[in-house]
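Please open the structure in your viewer and keep the sequence panel beside it.

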Amino acid sequence: MTVVGLAVGRGTGAEVAGVFERVLGHLAGAYGVPVRVERAERVYHSYVSLRGEAPERIAALTEEDAAHYEGFCRGLAGRGVSAVFRTAINAQSLYLVRQRLRAVKVDGLGGPPGGVAPELLLVRDQAQGFYTGENRHEPGRVVRTMEFSEAITDEVIDCALALARARLLWPGGGAARVVMAYKFHLLDGALDDWVRRAAERHGVEIRLCQPDTVNRDLIAHGLPSRTVVVAGNEWADIMHVVLLDRFGGERQESRFTENVHLLPEVAGLVEFQTVHGSADDLEGRDLVNPVATVRAAAAVAERHVGCAGAVAAVEGALAGLAARGVCTADVGGSASTGEVVAGVLAGLGVPGPGADALVAGA
């Protein structure tokens, strides 16, 4: 039986988790593939749920959440589990885990949703930099320290340029261009040297740019197809929505992304997440947009559970709903979360004997 991990945060986490379980269960059942969803025992804080606490208490709860989620991921990976879906949790806890497990976020933009031929591959370095810093509190001051290292920079570049990933995305020859967007001028030239050595080792040209230079190029020229952007999270976190608009043609509420881990002990575990946050103001109201979660469930079903064709079938069902104007209020509709999910599932057929894909309903 395939096991899939599930980590649930506060806010709309419980509703999002319910959508994930419902869609994954439906797809697995359609194929007759046994799957078990294993939930983390702890419900993790969102940023909003920590408001009102004293800074010392927030720091303690942040560390507790981070330690628990790190342990959950390590436990899954140690048993050979290859996928975990996580709803939004407090970013400070999350980035402690990403630093410790050396995570990068990977999002292909510009191709069909769930497809394998995007125009742009964005690789977000979540293993080092400001987001992974630690705080020291003094009266009236917070001192945040961070670090960069050549070893982690090499791992991030290696991940972005791995032949298996390049062939998966662009079978015709891999990446045509590699751009790195970092505030490198603040690091005394160290990053320049690391990137030069990495480029020589890989035999590729890597253009190291200030983030504002990448922004200028985006505005003036766009980026050519088959570009890999490796970016410090200080820029990439902010620009992700802009890149979605420019290359993906979608809002963040409808997208999911994947986080891969570079630490060898957990390297086989892929974390799926929605791009949108915890939306605490919508908690319990059946109003959260479920599309990103539905897509994540389909990707997990196809790539990790053995439901070939699930992604295409779900996209067909979503297109059918969109054509009828069935969507949640954030994208101009009036449907509830549950109604959208029910509509997606109603648009999926059960494969017959020997079928290798789900068939979207008419």
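## Starting with helix 2

Select helix 2 first: its buried residues pack against strand 1 (2–7), strand 2 (35–39), strand 3 (83–86), helix 3 (91–101) and strand 12 (270–274). Helices here (H or I, at least four residues) and strands (E, at least two) are DSSP runs numbered from the N terminus, and contact means heavy atoms within 4.5 Å. This is a predicted model, in which local features need pLDDT of at least 70 and side-chain atom pairs count only at pLDDT 80 or more, while totals for chains, interfaces and linings use all residues. Residues are numbered from 1 along each chain as its sequence is written, and side-chain values use heavy atoms, with hydrogens and water left out.

Helix 2 covers residues 55–78, and its 24 residues reach 34 Å from the first C-alpha to the last, close to the 34 Å expected at 1.5 Å a residue; the expected span is 1.5 Å times one less than the number of residues. Colour Leu61, Thr62, Asp65, Ala66, Tyr69, Glu70, Phe72, Cys73, Leu76 and Ala77, which are buried, meaning under 20% relative accessible area, where exposed is over 50% and partly exposed lies in between (1.4 Å probe, protein chains only). Just after helix 2, Gly80 has a positive phi of about 85 degrees.

Step back to Glu53, which lies in the loop between strand 2 and helix 2. If you draw a C-alpha to C-alpha distance from Glu53 to Ala301, the two are 39 Å apart in space and 248 residues apart in sequence.

## Helix 1

Now select residues 13–31, helix 1, whose 19 residues reach 27 Å from first C-alpha to last, close to the 27 Å expected. Among its buried residues are Val16, Phe20, Val23, Leu27 and Tyr31, and the elements that cover the buried residues of this helix include strand 1, strand 2, strand 3, helix 9 (291–305), helix 10 (310–323) and helix 11 (337–346). Just after helix 1, Gly32 takes a positive phi of about 70 degrees.

## Strands and a hairpin

Move to strand 4 (residues 103–109), where six of the seven residues are buried. Two strands pair if DSSP finds at least two bridges between them. Strand 4 pairs in the antiparallel sense with strand 11 (residues 256–261) over four bridges, with Ala103 bridged to His261, and strand 4 also runs antiparallel to strand 5 (residues 120–125), joined by six bridges, with Val123 as the partner of Val106.

Next, select strand 6 (residues 134–138) and strand 7 (residues 141–145), which are antiparallel and joined by five bridges, with Glu138 opposite Arg141. These two strands form a hairpin with two residues between them, and Gly140 in the turn has a positive phi of about 75 degrees.

Finally, colour the chain by pLDDT, the predictor's confidence in each residue, from 0 to 100. The mean for the chain is 88, and 91% of its residues reach 70 or more. Among the elements, strand 3 has the highest mean pLDDT (98) and helix 5 (residues 163–169) the lowest (54). Over residues 352–362 pLDDT stays under 50, and for this stretch the model has 25 contacts beyond four places in sequence.
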